[in-house]
Structure formats: structure tokens, C-alpha cells
Amino acid sequence: KQLSSGEIRQMFLDFFKSKGHAIEPSASLVPVDDPTLLWINSGVATLKKYFDGSVVPENPRITNAQKSIRTNDIENVGKTARHLTFFEMLGNFSVGDYFKEQAIPWAWEFLTSPQWLALDPAKLYVTVYPKDTEAKRIWHDVVGLSDDHIFEVEDNFWDIGEGPSGPDSEIFYDRGQSFNNVADDDPENYPGGENERYLEIWNIVFSEFNHLPDGRYVEQPHKNIDTGMGLERLVAVIQDAKTNFETDLFMPIIQATAKLSDHREYGKNAADDVSFKIIADHARTVTFAIGDGALPSNEGRGYVLRRLIRRAVLNGKKLGIEQDFLYQLVPVVGDIMKSYYPEILDNQAFIQKVIRSEEARFRETLDAGVNLLNQIIDGLKAENKTQIAGEEAFKLFDTFGFPVEMTAEYAEDEGMSVDMDGFKAQMEAQRQRARSARSDDQSMGSQNELLMDIKTESKFVGYTELSDKHAKLM
Ligand code: ATP
Ligand code: MG
Ligand code: MG
Ligand code: MG
């Protein structure tokens with residue numbers, strides 16, 4: 001019998017528990033006391049307090065499954081097999097306790113031991129930082145990996161400027177020749193390259209230096225381990241799925257979407273499949289983010305949610321869905337995740353209300369926006385042009401609520417682009433106009449406005465205020 005995602009998550013936590021780790025529950029996606037982050041984007045992000053010494057953990061060995069959001073991967077969703085905007089990062093951490101000689105063999109044991117995941121060692125490859133001869137030695141001498149499964153990669157150094165830093169070692173699973181999207185002799189055809197054959201599953205960071213303000217790297221008195229493995233990628237490997245999506249974490253969402261669509265089925269048509277994947281991914285992201293207290297708005301986190309909801313709604317339209325549907329996927333997400341995240345079903349009514357209100361609001365301008373966009377594209381085609389002007393993209397944004405990235409993506413599917421500099425110039429002009437006209441705190445204003453929308457009946461007022469801080473978000 002195939003392992004379920006829930007079993008795999010639990011096995012990871014149990015494995016590290018058996019190695020003396022304390023299991024920490026996932027923290028909220030909304031960072032607490034960390035103005036440097038828009039979203040929690042990794043397991044270590046919520047444990048910084050232990051690594052910088054401001055809090056001493058009861059047990060220096062910690063393991064968790066952490067909800068994470070990465071907005072830099074939005075455009076990869078549906079296009080690569082491996083990227084999601086919301087995913088769970090499985091991690092084990094050593095706060096000044098064990099180091100490389102434990103972390104590496106443990107990762108190997110969990111992946112390959114018949115008692116644990118029993119993956120075929122012949123399919124696993126690792127990368128190390130070229131100067132990290134110690135990691136290479138452990139992979140080779142202790143684990144017993146042959147040289148042709150160990151690659152030296154210059155990028156394998158984790159550095160965020162000042163603070164803890166160090167080399168890392170990543171583990172890749174060879175999905176086989178049939179998965180490859182690059183030629184055999186392509187320079188990217190190796191574990192660590194941009195290809196779909198060698199899937200990066202786990203990153204083990206050896207945080208051993210302190211990067212000083214003057215640029216020097218000095219050894220830390222206490223060396224730390226910080227690892228991260230994407231649950232969805234691991235599940236895809238174990239359930240032998242082509243991408244993250246053909247797994248028990250996503251298929252029920254895709255199936256529910258298909259039911260709501262105009263007789264579309266998953267796996268019949270490549271363009272439809274991209275839409276199914278985008279919707280399934282974004283449904284999870286907005287469900288969890290709203291469950292953790294974020295709300296759609298015009299800036300910051302709220303703008304990300306708005307952008308995700310609108311992109312999902314547009315993709316729903318591509319599948320022939322003309323009614324509000326995204327909110328109907330919330331219970332499906334909640335049901336899949338209930339064993340580890342019961343909070344979704346607990347908050348289901350509220351999450352659905354927020355999504356439905358946002359969806360309905362966008363739907364009021366969606367058809368008109370799509371019509372305008374199609375007109376613009378037809379016009380350009382007639383003139384043999386390929387670039388949408390900044391003013392047009394701005395109009396779509398300002399009047400019809402089309403995030404510019406969404407317009408650009410739509411244009412791209414037609415072999416066209418958007419004049420982004422022209423768009424930014426329009427935004428800047430709008431900003432200047434707005435600056436003189438407004439002084440209140442827009443963020444609080446828009447959040448309150450949204451809550452009022454939910455309590456009363458939403459009334460569409462246009463998107464003229466949808467502008468300000470957006471440009472610096474992504
Ligand atoms: P990639 O090179 O595939 O974009 P990454 O190197 O950016 O991944 P890390 O920052 O090393 O990823 O994060 C640790 C692990 O988290 C990855 O090895 C992967 O399993 C998982 N992961 C990272 N980004 C994503 C994502 N967008 N969707 C799903 N899983 C992810
Ligand atoms: Mg990445
Ligand atoms: Mg990578
Ligand atoms: Mg990585």
C-alpha cells in the first residue's frame with residue numbers, strides 16, 4: 001500500500017523524534033515580530049530566535065513541518081513540476097548541538113532505510129559546496145555514496161548578508177530520462193541544474209560561519225544545522241506522481257474544480273491542466289493564509305492574496321467557470337489537511353466568506369477586463385506588434401483590477417509582452433496624485449474596508465485606489 005501524505009509527514013517527525021528531537025507545531029504563515037519577511041518562507045524562518053541566541057530552546061534538537069509561502073515562485077506554478085506558492089517544509093534543526101557528521105547520515109537513513117522511506121539509493125544524488133571537503137568526505141566515506149553521485153556546486157552556500165551563514169548540501173532524486181526537459185548534453189542537465197529530471201528534495205544547511213559587517217567570515221562558536229525538505233515533492237516521488245499535483249495533497253482539489261468546470265477533465269489538455277494546477281495551488285495558499293489572519297488588500301500580504309485569488313478566478317474562467325467557485329474549494333483543502341491542520345475546518349466559514357467576497361468583487365470587472373485585453377491583443381496582432389503599452393496595462397489594473405503580472409502572463413500566452421517601464425511610469429504618476437490627496441493609513445483602511453464588505457453586502461467601487469505600494473511588493 002502506498003504511503004499517504006499524512007503518513008509521510010508523520011514519519012519524518014517520528015524519525016527525528018527517535019533521534020532526540022522535540023516536535024514543534026507549524027507556526028503561523030504571518031511572521032511575528034519579523035519585519036524583514038512578508039511571509040514565513042521556510043522552516044528556519046520561525047526558529048530564528050533560537051539561532052540568534054535571543055531564546056534558548058528547551059531541547060537544542062527540533063523538528064517541524066512548517067507552512068511556507070514563496071511569492072517568488074508564483075509564475076512557476078503550473079509550469080514547473082516542482083514549484084508551489086504554498087508548501088510544507090519538513091525540517092530538522094540543531095541549535096549548537098549536532099553537526100554535519102550526524103545530519104548527513106540521518107538524512108540518508110530517513111530516505112533510504114527499509115524501515116523508513118526505502119527510496120532507491122541509485123536514484124539519489126547530492127551536491128556540496130566545492131570547498132566543503134568535510135561534507136564531501138561524509139557523503140563518500142560515511143554514507144558510502146560513489147563519486148559520480150556527488151556534485152560540487154558553487155551556489156551551495158547559504159548567505160543572507162550579515163549573520164549566520166555556511167555551505168549547504170542538497171539531495172536530488174533522479175526522476176529518470178523520461179522526465180527530462182533538456183537535452184542530454186545541455187549544460188543544465190545535472191543535479192542542481194535547471195531541469196525536471198533531477199528533482200531537488202532536501203537542503204541541509206551547515207551554519208558554521210558568522211558573516212561580519214566588514215565582510216569577513218569567522219567560525220561560529222556554536223555550529224547549527226538547518227534543513228528543509230518540501231513535503232509535496234517528497235510525496236510526489238513516493239506516490240510516483242509526475243508533478244506535485246498528481247498526489248493525494250492536490251487531486252481532490254483538482255477533481256472538485258473539474259466538477260465545477262464546463263465539462264473539463266484533468267489530464268486531457270495541457271492548457272487546462274495548467275489552469276487546474278494554478279487553481280489547486282492558489283486555493284491552498286489563500287485558504288491557509290486567510291486562516292492565519294491575512295486578508296486581501298491593496299498592499300503587502302493582502303496584495304499577494306488579491307493577486308492569487310484573481311489569478312485563480314481568471315484560470316477558472318479559462319475552464320469555463322463563470323460563478324464563484326474558489327471559496328467552494330476551502331472545505332476540500334480543509335478535509336485533505338485536517339489531520340495536521342484542523343484549524344482550516346474550524347475556521348472554514350470565515351475563510352470562505354473572505355474568499356467569496358473577494359471573488360465576487362473581481363468577477364464584476366472580470367468579463368469587461370478580459371474583453372478589453374482581447375481587443376488590445378487583436379489590435380496589436382493586426383498591426384504586427386507584440387507589446388501592450390504601459391497605459392493599457394495600467395487601465396486594466398486601475399479600472400478592471402487586473403494585477404499587471406496577470407496581464408503579462410495572459411499576454412505571454414499570446415506571444416506578447418507588457419511594457420513594464422511604461423506601466424511603472426503610470427503607477428508613479430498615480431502615486432503622485434494619490435500622495436497629495438491622501439494622508440490616512442491606507443493599510444488599515446483597506447483591511448477595515450474589507451471586513452465591512454464582509455459584514456455588509458459588497459458594493460463595487462472601482463479600483464482607483466488599487467495602486468500605491470504594489471510596485472515594490474514582488
Ligand atoms: P528550487 O531550486 O527547486 O526552486 P530552492 O533551492 O529554492 O528550490 P530551498 O530554499 O533550498 O529551495 O528550500 C528547501 C526545500 O523546500 C527544497 O529543497 C524543496 O524541497 C522545497 N521547496 C522550495 N521551494 C519550493 C516551492 N516553491 N514549492 C515546493 N517546494 C519548495
Ligand atoms: Mg527556489
Ligand atoms: Mg535550488
Ligand atoms: Mg535549495
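Asn-181 lies in the loop that runs between strands β7 (163–174) and β8 (198–211). The model is a predicted one, and its chain is divided into domain 1, covering 5–238, and domain 2, covering 251–472.

**Asn-181 and its surroundings**
- Leaving aside residues up to four places away in sequence, Asn-181 touches Asn-195 and Glu-196.
- Between Asn-181 and Ile-40, which are 141 residues apart along the chain, the C-alpha atoms are separated by 31 Å.

- The centres of domain 1 and domain 2, taken over C-alpha atoms, are separated by 32 Å, and the contact draws on 29 residues from domain 1 and 25 residues from domain 2.
- The size of an interface is often expressed as the accessible area lost when the parts come together.
- For domain 1 and domain 2 the area buried between them is about 2,200 Å², with 59% of it on carbon and sulfur atoms.
- On the domain 1 side, the residues that lose the most area to domain 2 are Trp-39, Ile-74 and Phe-86, which together account for 25% of what that side buries.
- Five salt bridges are found across the interface of domain 1 and domain 2.

**A salt bridge of Arg-284**
- The side chain of Arg-284 meets that of Glu-232 in a salt bridge, with an N to O distance of 2.9 Å.

**Helices α7 and α8**
- The axes of α7 (residues 270–291) and α8 (residues 300–318) come within 9 Å and cross at roughly 150 degrees, and the crossing is left-handed.
- Residues making this contact include Ile-278, Ile-279, His-282 and Val-286 of α7, and Leu-305, Leu-308, Ile-309 and Arg-311 of α8.

How values were computed
Residues are numbered from 1 along each chain as its sequence is written. Chains are lettered from A and ligands numbered from 1 in the order in which they are written. This is a predicted model: local features need pLDDT of at least 70, side-chain atom pairs count only at pLDDT 80 or more; totals for chains, interfaces and linings use all residues. Side-chain values use heavy atoms; hydrogens and water are left out. Axes are lines fitted to C-alpha atoms, for helices over the stretch in contact, and angles run from 0 to 180 degrees between N-to-C directions. Helices (H or I, at least four residues) and strands (E, at least two) are DSSP runs, numbered from the N terminus. A crossing is left-handed if the near helix is turned anticlockwise from the far one by less than a right angle, and right-handed if clockwise. Contact means heavy atoms within 4.5 Å. Domain bounds come from an automatic or database domain assignment. Buried area is the accessible area (1.4 Å probe) that two parts lose on being put together, summed over both. A salt bridge is a side-chain nitrogen of Lys or Arg within 4 Å of a carboxyl oxygen of Asp or Glu.
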